[in-house]
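Here is a short briefing on one protein chain. Look at the sequence and structure first, then read the points below.

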Amino acid sequence: MTLVAWILPALGTLLAAWAVQNSRGSSGGVGSMLDVPSNPTATLDPPAAATTEHPHEHAIYVIGDLHGDGECAEHWVKRTGLIDYHDEQDSDANDKSDSRDNGKTGRGPSTWKDPTSHLVFVGDYVDKGPTSRQVIELVKDLTERFPSHVTALLGNHEMELLLDRDRDRWNSWGGAGFFGLSYASAHPAEYLNYLNREVTAEDEVVVTALYAASVEVYGRGLHSDTYMAPRSLVGDQKSIVRFVPADLRLVV
């Protein structure tokens, strides 16, 4: 269970760090964390303090619920200003790459800039977005590269992913496991990350059909009764395949 080995940190370390900050009064604690607007997409400009060498000493930066969005993960990691990327040209090239190649932040030469600060990922790296694998690889890489400064917690979606390996519990989730639920399942494009061959035009057709079916399911308010699973597991009426055009169902 290597996933559990790297993703379950010593919670005591985080609590101890919080206690140290809290004891510092106005100079530390949660209040010293990077201020994020209520609408995180409202501005992409870093705060003025982020231009200094150590913008928020003794700070804990928290990133959560990335849910398969590699670009979002990279953006917020860079936004902290905690990591100095030595090869900026390579980093810029990564930003322009295909979405399935996201999650490369921190893989090149880099240095942790502020030895007093800590970065915490609070789980839910998977589901919903098309690059869950890249998010996990990014978080794993950062925890291995900067083990004294990066902590990764286990979210409920990761927990359910591990528990879903027990096929006996699938029936408690409608016959397809937790990840068969349309509101908890992987984005259709996520499956392309696990092909051991080049993506074909037929693969793209399948992904597009499943994505369109997902939109219809949510648009009609049927997400609680529809499963991202084949008809052989949940039956014709509950499978998302019934929302795929008839001429594509055999392919899907």
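A residue counts as buried when its relative accessible area is under 20%. By that cut-off, 43% of the chain's 252 residues are buried. Keep in mind that this is a predicted model.

**Overall layout**
- The chain has eight helices and five strands.
- Their order along the sequence is α-α-β-α-β-α-β-β-α-β-α-α-α.
- Take the contacts between residues at least 6 apart in sequence: 72% of them join residues at least 24 apart.
- The chain exposes about 13500 Å². Carbon and sulfur atoms supply 54% of that area.

**Strand β4 and its partners**
- Which strands pair with β4? Strand β1, residues 60–63, pairs with β4 in the parallel sense, over four bridges. Strand β5, residues 150–152, also pairs with β4 in the parallel sense, over three bridges.
- Leucine 119 of β4 takes part in both pairings: its bridge partner is tyrosine 61, and it stands opposite valine 150 in β5.
- From β4 the chain crosses through helix α5, residues 132–145, to β5. This β-α-β crossover is right-handed.
- In a regular strand, side chains alternate between the two faces of the sheet.
- Strand β4, residues 118–121, is covered on both faces. His118 and Val120 are buried on one side. Leu119 and Phe121 are buried on the other.

**Aromatic pairs**
- The structure holds three aromatic pairs.
- Tryptophan 173 and phenylalanine 178 form an edge-to-face pair, because their planes stand at 80 degrees and the cut-off for that class is over 60. Their ring centres are 5.1 Å apart.
- Phenylalanine 178 also pairs with phenylalanine 179. That pair is edge-to-face too, with 5.4 Å centre to centre and 80 degrees between the planes.
- Trp173, Phe178 and Phe179 form one aromatic cluster.
- Tryptophan 173 is partly exposed, at 25%.

**A charge over a ring**
- What lies over the face of tryptophan 170? Arginine 167 does, at 3.9 Å from the ring centre.

Methods:
Residues numbered from 1 in each chain as written. Predicted model: local features only at pLDDT ≥ 70, side-chain atom pairs only at ≥ 80, totals over all residues. Heavy atoms only, no water. Helix = DSSP H or I, 4+ residues; strand = E, 2+ residues; numbered from the N terminus. Buried < 20%, exposed > 50% of the residue type's maximum accessible area, 1.4 Å probe, protein only. Contact = heavy atoms within 4.5 Å. Areas by Shrake-Rupley, 256 points an atom, 1.4 Å probe, with all protein chains shown as cover. Phe/Tyr/Trp six-rings, centres within 6.5 Å; stacked < 30°, edge-to-face > 60°. Lys NZ or Arg CZ within 6 Å of the ring centre and 35° of its normal. Pairing = 2+ DSSP bridges. Right-handed = clockwise from strand over helix to strand, strands pointing away.
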